[in-house]
Each structure stands twice: as C-alpha cells, then as structure tokens.
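Subject: Structure handover

Hello,

Here is the structure for you to look at. My notes on what was found follow below it.

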Protein chains: 2
Amino acid sequence: MNPIEPSATSPEMVWSGWGDPARRRPLPESASAFLKQEIGWSGRATLPVALDAVRLRESALPPESLALFASIVGAGNVRTDRECRVVHAGGKSYPDIWRRRTGDAESAPDAVVFPNSHDEVQSVLSLCAKSGVAIVPFGGGTSVVGGVEPLRGRFSSVIALDLSRMRRLLSLDAQSHVAILEPGLRGGEAEALLATQGMTLGHFPQSYEYASIGGYVATRSAGQASTGYGRIDDLVTAVRVATPAGELRVGRGPASAAGPDLRELIVGSEGTLGVITEVSLQLHSRPHKRAFEGWFFRSWREGTQAFQRLAQEQCAPDVCRLSDADESRTNLALAGLSHAKERLLNGYLGLRGYRGGCLAIVGWEGTGSSVKVRKTASRAVLASAGGLRLGASIGNAWEHGRYHGPYLRDELMDRGIFIETLETAATWSGLHPLYDAVRGALQKTLAARGTPPLVLCHVSHLYESGASLYFTFLANQEEGAELAQWRAAKTAACEAIVSCGATITHHHAVGTDHAPYYPQEIGALGVAAMRAVKTTLDPHGILNPGKLLVQSI
Amino acid sequence: MNPIEPSATSPEMVWSGWGDPARRRPLPESASAFLKQEIGWSGRATLPVALDAVRLRESALPPESLALFASIVGAGNVRTDRECRVVHAGGKSYPDIWRRRTGDAESAPDAVVFPNSHDEVQSVLSLCAKSGVAIVPFGGGTSVVGGVEPLRGRFSSVIALDLSRMRRLLSLDAQSHVAILEPGLRGGEAEALLATQGMTLGHFPQSYEYASIGGYVATRSAGQASTGYGRIDDLVTAVRVATPAGELRVGRGPASAAGPDLRELIVGSEGTLGVITEVSLQLHSRPHKRAFEGWFFRSWREGTQAFQRLAQEQCAPDVCRLSDADESRTNLALAGLSHAKERLLNGYLGLRGYRGGCLAIVGWEGTGSSVKVRKTASRAVLASAGGLRLGASIGNAWEHGRYHGPYLRDELMDRGIFIETLETAATWSGLHPLYDAVRGALQKTLAARGTPPLVLCHVSHLYESGASLYFTFLANQEEGAELAQWRAAKTAACEAIVSCGATITHHHAVGTDHAPYYPQEIGALGVAAMRAVKTTLDPHGILNPGKLLVQSI
C-alpha cells in the first residue's frame with residue numbers, strides 16, 4: 001500500500017488550555033453551589049491574558065541558524081512566530097497551563113521545527129549536535145508532567161521538534177494485524193485511518209483527541225480500555241528511532257528470546273534517547289459491538305474486591321473504572337442531571353441500600369457474540385460481589401464524555417480553582433494503604449495551606465496482581481502562590497506514593513514533575529545503566545534535557 | 001510466611017544425557033523400521049564412554065583460591081570432583097551432549113561453587129572480579145544453545161556458579177497473586193510449592209522437570225501453555241540481581257510508566273549482566289480443570305489458518321500446537337500404537353479425507369466453567385476452519401509425554417542418529433515463507449553431506465500477530481564429522497531465518513550458538529547500547545564470557 005494520511009484532523013490546540021475552545025461545555029448550574037459547598041469556592045473568575053500580552057524572550061537562534069534548519073525541513077517549516085512559540089512553551093499540566101494563562105512563556109523554544117521524514121529528523125539531530133542546540137521532541141503536546149517543557153540544559157538555545165507533519169499510515173499487514181504508523185498521528189487520526197482497514201489500535205487515553213502515536217510510545221501510556229487491549233507497551237512490536245548516534249531499529253515480532261528486549265528501552269524513554277520516527281503496532285479487528293454500563297457498590301472496599309475478582313478470574317471487561325464515594329458523588333453533581341433525575345437515582349440507590357456508595361463503569365468491545373459471552377461472565381462476578389447494575393444509560397453517558405475531562409479543567413481554572421490529577425499503581429494487597437496515604441497527604445497538605453481540597457479517586461486499570469489509582473483533586477487557588485500551592489500538593493502526594501513503595505506513575509510518565517523520584521524507583525545501578533545508554537545514543541546530551549533522568553543527579 | 005523449600009526433588013541429571021536414565025523408555029519396535037525407511041538408519045549403536053574415560057583438565061584454580069570460595073559458601077559447597085565438573089561442562093544441546101558422550105569435557109569449569117544466598121553470590125562476584133575468574137551462572141543446566149558452556153574468555157580460570165541451593169519460596173502475596181522465588185528452584189519444584197498455596201505459575205517448557213526459575217528468566221523462556229499464561233517475560237514482575245557493580249532491583253508491579261522497563265534488560269540477559277537471585281512472579285489460581293484434545297487438519301495451510309483465527313478471534317486455547325504432515329506422521333510412528341490402533345486411526349482419517357494431514361493438540365486450563373466456555377468458543381473456530389476433532393485420548397497422550405522429548409533424543413543418540421531442534425517466530429504473513437526456507441535449508445544442506453534428514457515442524461505458540469515455529473530434524477550421524485555436520489545444518493537454518501527477517505530464537509535464547517546472528521537482530525547501535533550496559537554492570541567482563549554478545553564483535 002502507499003502511505004496514507006488522515007483526511008481530517010482536529011483543530012489546533014488553544015495555547016491557553018485544552019483543545020478547541022468551541023467544544024467546551026459550560027459547567028451545569030448546580031456546579032457553582034457544589035463547589036461553594038465542597039471547597040468554599042469564592043465565586044471569582046480568572047481568565048487567561050490575551051496572547052499578545054504573553055511574555056516571550058527574543059529567539060536565541062540567529063537567522064543563519066534558522067536558515068540551516070530551513071535547509072533541512074523547508075523554509076515554511078521553521079517557525080518563530082509568537083503563537084507557535086507559545087503553544088510549544090509547555091504541555092498541558094496545571095503549572096504549564098497556569099503559566100501561559102498568566103502570561104509567562106519566557107521559557108518558550110527559540111524555534112519550532114517541523115520535519116517530514118526520518119531522514120529529516122536525523123539531519124536535524126546532527127545539526128543540533130554540531131551546533132549545541134537542545135531538542136524537545138513534541139508530539140501532541142499533551143504531557144501533564146512537564147514532558148515537553150523547553151528546557152535548554154547546558155545549551156544556549158532549544159528547539160521544539162514538532163512531529164505533526166509525520167502523520168502517515170506507512171503500511172498495514174492485514175493478515176498479521178500489524179501496522180506501521182508515523183509518530184505525529186494523533187490518536188483519533190490513527191483510529192480513523194485504521195478504521196478504513198477494518199482495524200483498531202484500541203488505545204484511548206483521555207488525551208486521545210490530541211495525543212500522538214509517538215507520544216504514546218515515548219511516555220509508556222495506557223488508555224481507558226487498556227485493561228482489555230493492553231497498554232501501549234503491549235502493543236508496540238517495533239520502533240525506528242533517530243538518535244544523535246544514528247538509526248536504531250528494535251523489535252522483532254511477534255516474540256523473541258534473543259536477549260534483552262530493547263523495545264522496552266525506547267518505550268518510556270520520553271525523547272531522551274532518540275526521536276521515534278516509526279512505530280509498528282499490534283492491532284485488533286475493529287469491534288462490531290461496544291457496550292458500556294454502570295454498576296454501584298456499597299463501598300470502595302466492596303468495589304475494589306469485585307474488581308480484583310474480575311481480574312483474577314479472567315473476566316475483566318475492557319474498560320474498568322471504579323470511583324470512590326467522593327468521586328461518584330462529584331461526577332453525579334457535575335453531570336448536570338435534572339433535579340428530577342438526580343432525585344430518582346438517589347432514591348433508587350437509597351432504597352437498595354447503596355446510597356453514598358461507589359460508581360463503576362465497565363465496557364466490553366468485540367464481536368456481538370464475544371461481547372455477549374464476556375458480559376455474562378463479568379456480570380456474574382460483579383453481581384455476586386455485591387454490585388448493583390444501573391444499566392447502559394450511565395455507561396453510555398460516561399462514554400459520551402470520556403475525552404471531556406481536560407475541557408472541564410479549563411472551566412474550573414477560569415473560576416480560580418486549582419485542579420490537578422495524578423496516578424499510581426499498586427498490588428491488590430497494597431491498594432488501600434496507598435489510597436489512604438495519597439488521599440491523606442493531599443487533604444492534610446492543602447488544608448494546612450488554608451485551601452482544603454476535594455480529593456477524588458478511581459481505579460482505572462486492572463491487572464491480575466493489582467490496579468492503578470487515579471486521583472483528581474481540586475481546591476481554591478492560593479492567590480499569589482499558585483505554583484507553590486501546586487508544588488506542595490504534588491510533593492506530598494509523590495512522597496506518599498514513594499513511601500508506600502508504589503510507582504510514581506502508572507501512565508502519565510516521568511517528565512520533569514516526577515524526575516526527582518525516578519532514581520529511587522530504579523536504584524543507583526539502574527540510573528547508572530540508563531546513563532550508559534543515554535551517553536551511547538545521545539553523547540552530547542541534546543535530547544530533552546531535564547526530563548526523566550536529571551543530569552545533576 | 002517463612003521461606004519454604006520443596007519437600008522432594010528430581011534426581012540429579014545424568015552427565016551424559018538428559019534427566020534420570022531410569023525414566024527413559026525404549027523406542028517402540030516399529031521405530032527401527034521407521035528410521036531405516038526415513039533416514040536410512042544403519043542400525044548401529046553408539047553408547048557414551050564411561051565417566052572415568054572422560055578427558056578433563058586439571059583444575060586451574062589452586063587450593064588457596066578454592067579456600068577463598070569456601071570461605072564464602074562453606075567448604076562442602078566448592079566442588080572439583082570429576083562428576084560434578086563433567087556435569088557442569090556444558091548444557092544439553094546436541095553438541096554439548098555429543099562432546100561429553102564421546103569423552104570430551106576438556107572445557108569443564110575449574111570448580112563448581114554453590115552459593116546459598118544473594119549475599120553469598122555478591123561475595124563470589126567480588127572475589128572473581130578481584131582475582132580475574134570468569135563465572136558461568138548455572139541453573140538447571142538445560143540450555144540447548146550453549147548458554148552454560150564454561151568459556152573463560154580472557155581469564156585463566158572459570159567457575160560454574162550453581163544456584164541449586166537457592167531453592168526457596170521466599171514469600172507469597174496470595175491476595176495479589178505474586179510470589180518471590182529463588183532462582184535455583186526447578187520448574188516442577190516451584191509448581192509443587194505453589195500448589196500447596198493453591199497457585200500456579202503456568203510455565204511448562206519441555207525442560208520443566210530440570211530447568212530453573214532463574215534460567216527461565218535469564219533465557220526469556222516460553223512454555224507449552226504460554227499461549228494462555230504468557231511467556232516468562234509477561235510473568236516476571238520484579239527481579240533482584242547481584243552484579244559485579246552491586247545490587248540491582250528492578251520492577252515495580254503491577255505496571256508503571258516510569259521510564260524504560262529495566263526488567264526487560266535483565267530478562268534474557270543470559271547471565272551476562274548479573275546473577276538473578278530473586279524473582280517476583282505473577283501467579284494464577286491453580287486450575288481445577290485441564291482438558292486436552294487432538295484435532296486433525298487436511299493440510300498445514302488449513303491448520304495454520306485455523307490457528308491464526310484462534311489467536312485473532314481471542315479464543316486461543318492455553319496450549320496450541322500444530323504439527324506439519326511429517327511431524328504428525330512421525331509422532332504417530334514413534335508413539336508405539338498397536339498395529340490395530342494405528343490402522344483404525346489411519347482408516348478413520350482416510351475415510352474423512354484427512355489422510356496425510358496435520359495433527360493439532362489444544363488444551364485449556366482453569367475453572368470448570370471457564371474451560372467449558374472457552375472450549376466451546378475454540379472448538380467452533382477449529383471446526384469451521386476445517387478441523388476434525390479426534391477427542392481427548394490423543395490430547396491426554398500428548399500431555400502424558402509432554403516432557404519426554406529429551407529422553408527420546410538420548411535413545412536416538414545411542415543409535416548414531418543426529419537429532420537437533422531449533423525454533424523461531426514470524427508474523428502470520430511471514431510464517432509459510434519462513435517454514436519453507438528453514439525446512440529447505442536443512443534438507444538441502446544435510447542431503448548434500450550424504451545424510452538426508454527428516455525435518456519436522458510444529459507451530460508452538462500463538463500471538464495475534466504471528467506464531468512460533470519449532471523444528472526437529474534427524475539424520476544419520478556423519479561418522480567422524482559429527483560436529484561439522486551439526487555446524488553445517490545449524491548455520492544453514494540460522495541463515496535462512498535471518499534472511500527471512502525472523503528472530504533467531506523464540507524461546508531457546510542466544511547462548512553461544514546464536515551469538516553470531518544476534519548483532520544483526522539488534523543492529524550496531526543496539527549492540528553499542530547493550531555493551532554500555534554490560535560495561536556498567538560487569539566492568540571486568542567476568543560474567544558468562546562468549547554468550548549473547550561476543551566481545552570480539
């Protein structure tokens with residue numbers, strides 16, 4: 001087949017928040033009262049500054065340097081205009097967005113370079129290595145851990161290497177269910193291309209509409225249906241990587257016992273070892289049927305026990321999410337149900353003894369008959385574990401809004417609200433202590449600063465040995481100390497995670513935010529091994545300075 | 001829990017072949033005629049020399065060196081006696097066994113050291129690094145690729161580090177289905193210990209009765225039921241490793257996005273980066289039910305298409321094996337069926353139009369109800385793809401003899417027969433070209449040497465994107481040129497695999513036999529990255545010289 005490109009694409013991301021502002025939905029009326037009651041919201045509004053008011057340094061790259069980049073990628077593909085530099089001044093974490101909204105893009109890259117092929121990437125790397133320019137590989141720009149912050153390390157200039165022109169389906173082996181995709185394809189674009197071939201990747205992170213294939217791989221991501229389809233690390237069969245030391249191709253599908261698996265060095269390398277230019281991915285037949293439904297449990301403990309059984313009795317749905325009581329309550333409050341509907345639901349839950357309990361969303365994908373068989377098996381476990389089936393409408397409502405979370409954050413930030421998410425994972429035996437520790441750390445730290453938070457949590461992915469926990473927390477912004485407030489909460493949560501022996505991240509990656517905790521996770525000798533690989537592939541250290549392994553450690 | 005040891009263990013391996021000679025079964029009477037007809041067997045017998053006649057160099061380690069090892073592990077745990085050195089003079093590959101049978105153990109290690117803990121291993125590594133002694137980590141000693149050949153590299157002496165005393169179940173997290181095991185536990189011993197806790201690892205390579213947990217991990221192994229339970233790389237959640245540079249602990253279960261997955265550097269490292277001293281493994285509930293059955297397909301192509309559907313329609317049995325026509329015919333001939341039974345089976349197959357076709361063995365494990373549901377789904381696909389169900393008795397016969405293959409090899413080697421196995425994997429679209437290429441290369445090469453072979457093959461593991469191919473071939477030994485004959489056949493097969501772009505090994509590992517082909521598989525930069533890690537963890541290069549990455553490449 002000839003390489004094919006997506007026929008349509010999402011609008012570019014707004015520089016001051018998430019996605020396409022036209023797709024934001026206003027908060028329901030009930031939200032204000034809820035926020036006042038829960039976190040003492042003051043009712044204030046805090047809108048972003050105008051783009052022209054954003055502070056930006058002059059580009060440190062002189063015209064002759066820019067001309068050298070242009071000689072590789074073409075003149076129109078080296079940009080230094082304000083909007084482009086501001087958009088690439090960071091990712092989509094709370095501090096990233098907060099800085100840009102308040103007019104700070106001082107750290108913006110000196111230029112944004114848009115290559116169109118592996119060879120162009122390779123040439124850009126050579127040029128940067130020779131001229132001492134740091135490079136931040138930039139896919140969808142959706143990092144929520146500072147992964148695309150344009151740090152320059154010991155170099156005087158930095159470019160963002162935006163891969164959005166590399167957005168082709170290069171080949172498809174329909175018999176073997178394997179496709180080779182370019183890194184700049186966004187999740188939705190890739191799915192649309194694969195759908196024309198009757199296939200799916202089955203990877204649906206909340207950032208799906210903007211995150212890129214290369215970003216999935218570089219950050220070792222998981223999606224909402226990864227309990228069924230597997231994490232991206234399960235789906236990558238091979239990668240082609242441009243490194244300052246040359247080309248690296250790793251992966252020999254479908255399985256191999258030939259030494260260590262070097263794919264696993266690239267998956268999760270966060271642009272610090274090389275730039276991923278092609279990804280070979282394991283696909284599935286496109287599901288004929290998707291079914292989602294809501295269940296309710298009397299308690300968090302009852303719900304997690306049910307989910308443990310699903311995983312260990314090999315009948316987990318593809319999507320498995322279990323909210324704690326606070327998240328269940330909050331989701332219902334922010335769903336904008338009519339008073340009548342809300343009363344009806346609460347009445348029903350109360351009658352059945354489930355009031356104040358926990359909402360689970362489960363979903364199955366596949367052929368009609370496989371969904372039927374698997375649904376029967378899952379339902380039997382959920383019911384026998386104490387679950388109350390609420391039916392498809394609540395499941396479909398979740399499915400309908402599954403990518404809407406980041407828009408909601410923009411709405412809340414417009415109201416002076418601090419909102420952040422973080423995630424980790426633990427074995428089943430360690431899940432409750434981890435939950436208590438992280439929740440407690442966030443509550444205590446933010447209460448001590450005078451901004452008591454609302455802390456929400458859900459189990460988002462199941463494994464036979466454990467599950468992930470995904471926390472969302474919101475509080476009034478601490479006016480004048482917004483970043484200090486964020487830092488305090490983030491530090492408290494990370495320290496709680498580390499003290500439980502859990503991983504600092506289940507699917508958001510390390511970036512800059514988790515870099516201080518990463519060395520503890522792999523130990524001194526693990527760090528030394530990683531450094532040895534880094535020095536081999538990127539001897540000058542031009543790739544994504546300050547991410548993953550901070551040089552000074 | 002306190003660490004527990006297995007209550008019983010298999011007898012030690014015989015030095016001249018496989019396992020416990022008392023468990024060998026004589027070839028059925030029909031076998032002689034079959035071998036004469038198929039490979040022109042001469043009828044000669046070639047028995048191993050007596051142990052006393054095996055040539056062995058004096059140990060290069062002086063008593064004062066041995067005393068230093070003894071000061072770490074205890075005097076009785078440093079052995080230099082003839083039998084122990086000969087047993088550790090190699091693994092269980094055809095050339096390994098052929099050399100020892102014919103009296104050549106010249107390369108035997110200078111001593112065999114038996115540590116009993118991580119700390120003892122660490123101390124032995126320090127001593128070896130300081131005194132310049134090479135180390136060959138030795139688990140079950142079942143390598144069939146030269147993985148435990150006692151090469152000394154640039155050192156004047158070499159020890160085998162036998163881990164068989166480290167055979168404890170250290171801990172079990174029953175809620176999370178995770179156990180920590182010591183590396184020296186044999187497969188069967190580990191299963192027996194886990195069975196007392198209601199759990200299984202589900203890893204059943206043909207070497208299961210002797211292979212060790214550490215060996216599974218070091219060689220990235222797969223077992224007969226890995227289509228269902230996953231390969232060992234899917235089951236390892238963490239490892240503790242003693243390296244000359246210190247202790248390395250990697251793995252943070254159940255899943256993490258914190259950087260590259262360093263577990264995957266240790267899995268498959270074949271003792272070249274460190275000695276695995278603890279393995280944390282994902283378990284499953286012990287199955288209540290195991291069901292095996294035989295199916296027949298009219299052709300290899302029809303059978304592989306059926307297996308492809310099983311994998312891609314998510315209804316593959318846990319055990320999936322499909323023999324080509326020659327292997328099907330051979331297995332029936334060597335099964336020792338009575339003439340009446342054989343006639344009956346062939347008559348039935350002929351009547352149904354399946355004569356000369358391909359035998360498949362499939363098996364399911366789990367709860368009674370899950371086996372029932374899954375069996376129904378698998379059978380529907382097998383039948384609609386053209387399969388003929390032969391029923392449970394042929395499946396049970398396979399299950400009964402599943403670990404017997406290596407004993408059969410001893411029987412054949414006693415008859416002057418060259419018999420070897422090798423394996424690879426490919427995507428579904430690449431499977432038939434690979435099959436034709438390897439089979440053709442073996443046939444052509446051995447026919448040209450005057451020893452036309454019988455080449456057998458089966459599909460042994462299924463993945464959504466492809467499958468593994470396992471070849472067995474036998475021919476008359478080329479008297480006086482047995483190793484040259486082996487080398488020629490092995491080289492031809494490996495070159496055929498490489499020219500198809502397939503992996504040089506799906507589950508046997510690299511060892512010395514595949515080391516010449518490994519660099520091509522990971523590329524020059526992959527080799528450089530591996531060397532960088534090796535230099536970091538084993539700066540003096542004392543660990544398993546000549547395996548995986550040969551220094552001179």
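**Contact between the chains**

Chain A puts 74 residues into the contact, and chain B also puts in 74 residues. Two residues are in contact if their C-beta atoms, placed from the backbone, lie within 7 Å. On the side of chain A that touches chain B, helix α19 (residues 518-537) of chain A gives the largest share, 14 residues. Helices (H or I, at least four residues) and strands (E, at least two) are DSSP runs, numbered from the N terminus. That side of chain A has 29 nonpolar, 34 polar and 11 charged residues. Ala, Val, Leu, Ile, Met, Phe, Trp, Tyr, Cys and Pro count as nonpolar; Asp, Glu, Lys and Arg as charged; the others, Gly among them, as polar.

This is a predicted model: local features need pLDDT of at least 70, side-chain atom pairs count only at pLDDT 80 or more, and totals for chains, interfaces and linings use all residues. Residues are numbered from 1 along each chain as its sequence is written, while chains are lettered from A and ligands numbered from 1 in the order in which they are written.

**Chain A overall**

Chain A has 19 helices and 18 strands. Its C-alpha atoms fill a box of roughly 75 × 60 × 45 Å, taken along the principal axes. Of the 553 residues in chain A, 57% are buried (20 or more other C-beta atoms within 10 Å of the residue's own, with C-beta atoms placed from the backbone). Among contacts in chain A with a separation of 6 or more, 78% join residues 24 or more positions apart.

**A sheet in chain B**

In chain B, 5 strands form an open antiparallel sheet, in the order β5-β6-β10-β8-β9. Strands pair if DSSP finds at least two bridges between them. β5 (169-173) and β9 (246-250) of chain B stand at the edges with a single partner strand each, so one side of each has no neighbour in the sheet. Inside this sheet, 6 bridges join β8 (residues 236-243) of chain B to β10 (residues 275-282) of chain B, and the two run antiparallel. B:A242 stands opposite B:V275 in β10(B).

Best wishes

Technical notes:
Buried ≥ 20, exposed ≤ 12 C-beta atoms within 10 Å, placed from the backbone.
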